[in-house]
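Thanks for asking me to look this one over. Here are my notes, as numbered points that you can follow with the structure open beside you.

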Amino acid sequence: MSLIPLFGKVLERVAYVNLLSHVNPLMSPAQHGFVPGRSCATNLASLLSAAWEWVEDRSQIDCIYTDFSSAFQSVNHDLLIYKLENSFNISGKALDWFKSYLQNRQQRVVVNGQCSAWCQVTSGTPEGGVISALLFALFINDLPDEVSSGVLLFADDAKLYRKISNNSDADALQADLDNLCRWSQTWKLKLNSSKCKSFRMTLKTKPTLQTYHIDGVNLEHVDEIRDLGIILDTKLTFGPQVAKMSKKANGALGMLIRSFQKACPRGHLNPRSVIAAYCANVRSIMEYCSVIWGGAAATHMIRLDRVEHKFLMWLNAHVRQQCSSLLYHDLLKHFNLASVSARRIHHDIMFLRNVFTGRIRSSLLLQSFSLSVPSRATRQQSRTLFSIPYARVSTVKEGMFARLPKRINSFVAKCVNVDLFNDSRASFRASVMSYIVSV
């Protein structure tokens, strides 16, 4: 086996690490993909930070979800090299390496054993390359500078958003969409207007209505949209998200049960192995970005409890040491498993700690949570760490920016020896796991 491909991957990985350390200070705060300390959750939280604030203010937020046609394949090599050199100060041998990496590539098409002639590849970041996604992120790094509205990026996913109080605000958002189109034309990227959507979040009975367009093509307006795997609805109830998630988790649970029953039709199952498989394939579905949608109404959340209860009852019937009770709480205790609701509390607390300890790198989120400062000195030391923002409507009251401070305050009030800022991550996590069992 030739070592040349392996050596090439190692070299590409080294280039990725060095490039990331070099460009990280210059990356736009709007980019949440392929950036250390940011993720899908930070991207969504940044959007909802504005949404909940403006909904509370009796206003609305309009969003434009854009889609670039063949985004990664459309990156012009010459333009990318130009940006690496002029925007990120890459020069000398490093720039020569990137030129060599991108240019002088050929490709051909094979159909039914018949091959086309080789042709030169003049655009696109190499498919499957370790460094390709980061190169695309650098290519669109200057996009937020072209608009006055809010912008959030995750790789090639870009969305514009703006507070809409009147028609002038809607016109300003359309003007920014036009600026985005001009930017795309300048850098030879193409927006697919048929896949771009407009979306509105508000509690107003008579919102400001606006039809947005790209090059004369009206964008489809939707009442629900899938954003980085999370379904957002107009009133931010997250009911559709929980419904979709519970349906998917039920399907995954059915497949897991059938797999174990086929592998062990008459014998007793090893509970540890089954629970490990459940956590990896089913519970992970019900926990994805829970910090975002964790404030959904209890009538929605009970559907997730039912999925786990169903799993525990099946497991209890196929193990040697069975629990005499089939109640959800008793089964959780018997199998030493935290409930999905307790796990959501765990994720909420850890997320807020990560924001304040720098594990999550977002100045916007750091500013969104305020430490509590007592109005006067008292003899008894207060254990209230965070101030809880006032919220008029239940949507905002249960949103993450009001819910997470409540979680932390309750946690530190009960666990008086825990230091949110100085305890090691392992020690703090262990304290949280002990706490959620008692909740």
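1. A word on terms before we start: contact means heavy atoms within 4.5 Å. Please also keep in mind that this is a predicted model. With that in hand, look at what covers the buried residues of helix 3 (residues 77-86): the list includes helix 4 (92-102), strand 5 (119-121), helix 5 (132-139) and helix 6 (167-186). The buried residues themselves are His77, Leu79, Leu80, Ile81, Lys83 and Leu84. At the start of helix 3, Asn76 places a side-chain oxygen within 3.0 Å of the backbone nitrogen of Asp78.

2. Leu95, Phe98, Tyr101 and Leu102 are buried in helix 4. Viewed down the axis of helix 4, these buried residues fall within an arc of 120°, so they line one face of the helix. As background, an α-helix has 3.6 residues a turn, so residues three or four places apart point the same way. On the face of helix 4 turned away from the buried side you will find the exposed residues Lys93 and Ser100. Asn104 follows helix 4 and has a positive phi, near 60°.

3. Strand 6 pairs with strand 7 in the antiparallel sense over 5 bridges, and Val151 stands opposite Leu160 in strand 7. Strand 1 also runs antiparallel to strand 7, and 7 bridges join the two. Here Ile64 stands opposite Leu160.

4. Are the faces of strand 1 covered or open? Both are covered: Gln60, Asp62, Ile64 and Thr66 are buried on one side, and Ile61, Cys63 and Tyr65 are buried on the other. On the strand 8 side, 6 bridges join strand 1 to its antiparallel partner, with Gln60 opposite Thr202.

5. Strand 13 (residues 230-233) is also covered on both faces, with Ile230 and Leu232 buried on one side and Ile231 and Asp233 on the other. Strand 12 (residues 224-227) pairs with strand 13 in the antiparallel sense over 4 bridges, and Glu224 stands opposite Asp233. The hairpin of these strands has 2 residues between them, and Leu228 takes a positive phi near 55°.

6. Finally, the nonpolar cores. The largest has 89 residues, and Phe238, Phe311 and Met400 have the most contacts inside it. Helix 2 (residues 40-56) gives the most to this core, with 10 residues. Leaving aside residues up to four places away in sequence, Met400 touches Ala45, Trp52, Val291, Ile292, Phe351, Phe369 and Pro405. A second, separate core has 49 residues, among them Leu138, Leu153, Cys181 and Trp183.

Definitions and conventions: Residues numbered from 1 in each chain as written. Predicted model: local features only at pLDDT ≥ 70, side-chain atom pairs only at ≥ 80, totals over all residues. Heavy atoms only, no water. Buried < 20%, exposed > 50% of the residue type's maximum accessible area, 1.4 Å probe, protein only. Pairing = 2+ DSSP bridges. Polar contact = N/O pair within 3.5 Å; in protein donor to acceptor, adjacent residues only side chain to side chain. Arc of directions from axis to C-beta. Core = buried A, V, L, I, M, F, W, Y, C linked by side-chain atoms within 4.5 Å.
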